[in-house]
Amino acid sequence: MRNLIRERREAMGWSQAELAERLAVSRQTVNAIETGKYDPSLPLAFKLARLFGEPIEALFDDAA
Amino acid sequence: MNPFVDMVRFTPNEKRYYRNSIAPGLAFLAAMAGVAFLVRSFRDEWHFEVLAGLALLPVLPMVWIIKVYIDYFRDCDEWEKLIEIYGIAIGVLLVGMGYFALGLLGLFKLVVLDGTLLAYCMLPAVMLVYSLGKVVGRWRHG
């Protein structure tokens, strides 16, 4: 699934480690999500959406 | 971040797990050395029950290591859990298949198998292949 996590994170000026800390996950988990190799669970997707202040569907695109 | 480096780089949770495994690992080595010495020295003098109890002592640090692993798994985030499950599944399935293949060779009397050695090597083999399985999981999902 494609997502805009990297773009949103960089727009906030956060490193992967900083985002990981805010989400209470490992940096590797953030990296796996950003590269599209891992699709987060619904609770983690909601956490991301809340953190970036956007709806889930604005961050994730299942069309690809 | 370099994906190849990330495949083998430990997460903070993993680092904690390996750190916590040092004490039970050393206890296992000490127990093995002590038990080997005692069983060899007193084989003819002590009762079977005592010797058997002694021989099983190294199981205790292994149980400790399993407890450390369970604590580690509980603290894993969802992606880390996926990688762990990859490692465990690949470890158990490949080692199980290897043992099954060896069993077939033994069954048809094509090789002579040392059951003691095979039984002793099973857990280390699972642990070794589990580690490789984690790298495969990270390569696919990391």
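This is a predicted model: local features need pLDDT of at least 70, side-chain atom pairs count only at pLDDT 80 or more; totals for chains, interfaces and linings use all residues.
Residues are numbered from 1 along each chain as its sequence is written, and chains are lettered from A in the order in which they are written. Local features need pLDDT of at least 70, side-chain atom pairs count only at pLDDT 80 or more, and totals for chains, interfaces and linings use all residues, while side-chain values use heavy atoms, with hydrogens and water left out.

I will start with the interface. The area buried between chain B and chain A is about 1,200 Å², and carbon and sulfur atoms give 47% of that. Buried area here is the accessible area (1.4 Å probe) that two parts lose on being put together, summed over both. Between chain B and chain A there are zero salt bridges; a salt bridge is a side-chain nitrogen of Lys or Arg within 4 Å of a carboxyl oxygen of Asp or Glu.

Next, a pairing inside chain B. The axes of helix 2 (residues 12-42) and helix 4 (residues 59-75) of chain B come within 8 Å and cross at roughly 175°. Axes are lines fitted to C-alpha atoms, for helices over the stretch in contact, and angles run from 0 to 180 degrees between N-to-C directions. Helix 2 and helix 4 of chain B are therefore roughly antiparallel to each other, the term for angles over 145 degrees. Among the residues making the contact are B:Tyr17 and B:Phe28 of helix 2 and B:Trp64 and B:Tyr72 of helix 4.

Last, the salt bridges. In one salt bridge, A:Arg6 pairs with A:Glu34, the closest N and O atoms being 3.6 Å apart. That pair links distant parts of the chain, 28 residues apart: A:Arg6 lies in helix 1 (residues 5-12) of chain A and A:Glu34 in helix 3 (residues 27-34) of chain A.

Definitions and conventions. Helices (H or I, at least four residues) and strands (E, at least two) are DSSP runs, numbered from the N terminus. Angles under 35 degrees count as roughly parallel, over 145 as roughly antiparallel, 65 to 115 as roughly perpendicular and the rest as oblique. Contact means heavy atoms within 4.5 Å.
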